[in-house]
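User: I'd like to learn how to read a structure like this one. Can you walk me through it step by step?

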Amino acid sequence: MASILANIFALQCPTCHQGDLFPTGSFSFNRPFDQYKHCPACGQNYFPEPGFYYGSMFISYIGSGFACLAIVMFLRWVLGWSMIASFATLIAIVAVVFVWWFRFARSVWIHMVCKYKPEVAAAVASGALEVPPPETSDRS
Ligand SMILES: [Zn+2]
């Protein structure tokens, strides 16, 4: 379980836990919404059906809503900051983490659908699989 959680945060393939979901780093802000079409290590299809990531939007919405509330409530009520300072800080935090949050929601979603397969991970580790380099796609 801890391994699955760590893998969700690492934004890696749910099937083999070795390939990346995204070609660039979340905080590089380089091609922020591009995602591999399949796993570069095991070939797991990251877009199994049209509109697959529609559900991740709800994870993103619910999580970010509560996170924003918590941040503002903490700054306003615990630290006693002004409303303007609290919301300005919130906007700064959101500006930094929004790409990571988008990717994290997709990672949670695909981990809910695709299960870890130890035999695939072993095949990847031993080099038995040959997977073509993946194309990238945004908005699928
Ligand atoms: Zn994989």
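Analyst: Start with the order of elements. In this predicted model, the chain runs α-β-α-α-α-β along the sequence. That comes to four helices and two strands.

User: What does the C-alpha trace of the chain span along its principal axes?

Analyst: The trace spans about 60 × 30 × 25 Å along those axes.

User: And how do I read the contacts?

Analyst: Look at how far apart the partners sit in sequence. Here, of the contacts with a separation of 6 or more, 65% are between residues 24 or more positions apart.

User: What share of the 140 residues is buried?

Analyst: Buried residues make up 19% of the chain. As a general idea, nonpolar side chains in soluble globular proteins tend to be buried together. In this case, the largest nonpolar core has 15 residues, and those touching the most other members are Cys13, Cys16, Leu21, Tyr36, Cys39, Ala41 and Tyr46. Helix H3 (83-113) and helix H4 (118-126) are the elements that give two or more residues to this core. H3 gives the most, with five residues.

User: Which residues does tyrosine 46 touch, leaving out those up to four places away in sequence?

Analyst: Tyrosine 46 touches Leu21, Gln35, Tyr36, Lys37, His38, Cys39 and Ile110. Ile110 is also one of the buried residues in H3.

User: Which others in H3 are buried?

Analyst: Val99, Phe102, Arg103, Ala105, Arg106, Ser107 and Trp109 are buried as well.

User: Where does H3 bend, and by how much?

Analyst: At valine 97, by about 55°.

Key: Residues are numbered from 1 along each chain as its sequence is written. This is a predicted model: local features need pLDDT of at least 70, side-chain atom pairs count only at pLDDT 80 or more; totals for chains, interfaces and linings use all residues. A nonpolar core is a set of buried Ala, Val, Leu, Ile, Met, Phe, Trp, Tyr and Cys residues joined through C-beta atoms within 7 Å. A residue is buried if 20 or more other C-beta atoms lie within 10 Å of its own, exposed if 12 or fewer, and partly exposed in between; C-beta atoms are placed from the backbone. Two residues are in contact if their C-beta atoms, placed from the backbone, lie within 7 Å. The bend at a residue is the angle between axes fitted to the seven residues ending there and the seven starting there.
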